[in-house]
Amino acid sequence: MTLDRRLNAFRPDLADIALRGEVQAERFVEARPAVIAVPVADLHAAPSRDAGIDTQFLLGETVRVFDVAKGWAWVQGERDSYVGYMPGSSLSFELDPRPTHRVTALRSYVFPEPELKKPPLASLSMGSLVTVAGEEMRRNTRYAILPNGTAVPAVHVAPLAETDADFVAVAERFLHAPYLWGGTSGFGVDCSGLVQLAMSMAGQTVLRDTDMQERELGTRLAGIEGLQRGDLVFWKGHVGIMLDGQRLLHANAHHMMTAIEPLQAAVERLAARGAPVTSIRRLRAG
């Protein structure tokens with residue numbers, strides 16, 4: 001069986017020690033843990049910004065680092081196992097304090113202190129992980145205080161143990177969010193990134209790309225009749241989420257945003273481009 005390079009760290013000169021005996025490489029190394037230290041870290045297939053974005057990791061997520069050279073780190077995400085290159089400046093090897101909360105707002109701000117009139121220091125996406133050291137109320141606004149004294153609106157974060165009951169409702173909050181190839185954040189998202197992030201907020205770990213999701217998620221339905229809320233519709237390289245029996249929510253390049261449209265309209269438009277529906281998947285209960 002050929003290993004998927006997107007999910008397994010190996011190249012001719014270097015490979016994950018866990019793959020010894022399965023791949024050939026000059027050296028096998030034990031990964032070093034690190035954490036994403038910037039709001040959004042782009043992951044590339046090669047150590048170059050010209051390589052394009054394969055996916056993104058968010059603040060507080062942990063990765064395994066196999067190599068750092070010429071300003072680029074070769075890493076694998078702990079959450080979804082995706083492998084690629086990111087600027088080394090996106091990482092911190094200081095793992096403590098551990099995250100306690102997750103950003104639940106589509107987007108939020110980090111303020112230098114608990115004061116909304118202060119210019120924010122950074123913008124955070126839904127799904128970002130932060131450590132809350134305390135809380136403070138100032139002028140009718142409650143803030144979550146981070147270990148360095150900065151603050152985020154407390155209403156925009158929730159403890160890690162709290163998850164959303166309905167991933168479709170989470171996905172609906174991305175309506176009109178801009179489309180970004182490889183995007184997995186509230187600042188820009190692609191079709192499978194939307195599925196992955198929405199389901200993550202509902203406590204479900206999902207692989208990143210459409211082919212992985214189509215292979216791994218739910219059970220296959222026979223056709224497009226009798227669809228329900230939460231069913232996933234797949235095309236080659238594309239996926240959308242059914243809001244009900246007729247309407248599809250999907251991040252797509254046709255609208256250049258996350259949009260709602262009749263499923264039949266999407267089916268006809270993509271079929272005209274030579275892309276028929278490849279499968280419908282219904283997620284398992286729970």
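Which side chain of opposite charge is nearest to R102, and how many Å away is it? The sections below take up this residue, then a sheet, its helices and a proline. The model is predicted.

## A buried arginine

The nearest side chain of opposite charge to R102 is E162, 8.5 Å away. R102 is buried and has no salt bridge. The cut-off for such a bridge is 4 Å, from a side-chain nitrogen of Lys or Arg to a carboxyl oxygen of Asp or Glu.

R102 sits in strand β11, which covers residues 101–103. A polar atom of the R102 side chain lies 3.4 Å from the backbone oxygen of L160. Residues up to four places away in sequence aside, R102 touches G127, S128, L129, H156, V157, A158, L160, E162 and M201. M201 belongs to helix α2 and is itself buried.

## The six-stranded sheet

An open sheet holds 6 strands. Their order is β21-β26-β22-β23-β24-β25, and the pairing is antiparallel. Two strands form the edges: β21 (219–221) and β25 (257–262). Each of them pairs on one side only. On average, neighbouring strands are turned by 30° against each other, direction ignored.

Strand β22 (residues 232–235) and strand β26 (residues 277–282) run antiparallel. They are joined by 4 bridges. V233 stands opposite I280 of β26.

## Two helices on the strands

Helix α4 spans residues 263–272 and packs on the sheet. It touches β22, β23, β24, β25 and β26. The direction of α4 makes about 105° with that of β25.

Helix α2, residues 191–201, lies across β22, β23 (238–242), β24 (247–252) and β25. It runs at about 45° to β23.

How many of the residues of α2 are buried? The count is 11 of 11, and the helix is mostly covered. The buried residues include C191, G193, L194, L197 and M201. After α2 comes G203, with a positive phi near 85°.

## A partly exposed proline

P33 lies in strand β4, residues 32–36. Why does P33 count as partly exposed? Its relative accessibility is 43%, and the partly exposed class runs between the 20% cut-off for buried and the 50% cut-off for exposed.

P33 is in contact with V63, F93 and L95, leaving aside neighbours within four places in sequence. Y179 is 146 residues from P33 in sequence. In space, the two are 31 Å apart, C-alpha to C-alpha.

Key
Residues numbered from 1 in each chain as written. Predicted model: local features only at pLDDT ≥ 70, side-chain atom pairs only at ≥ 80, totals over all residues. Heavy atoms only, no water. Pairing = 2+ DSSP bridges. Axes fitted to C-alpha atoms, helices over the stretch in contact; angles between N-to-C directions. Contact = heavy atoms within 4.5 Å. Buried < 20%, exposed > 50% of the residue type's maximum accessible area, 1.4 Å probe, protein only. Lys, Arg positive; Asp, Glu negative; His and termini not counted. Polar contact = N/O pair within 3.5 Å; in protein donor to acceptor, adjacent residues only side chain to side chain.
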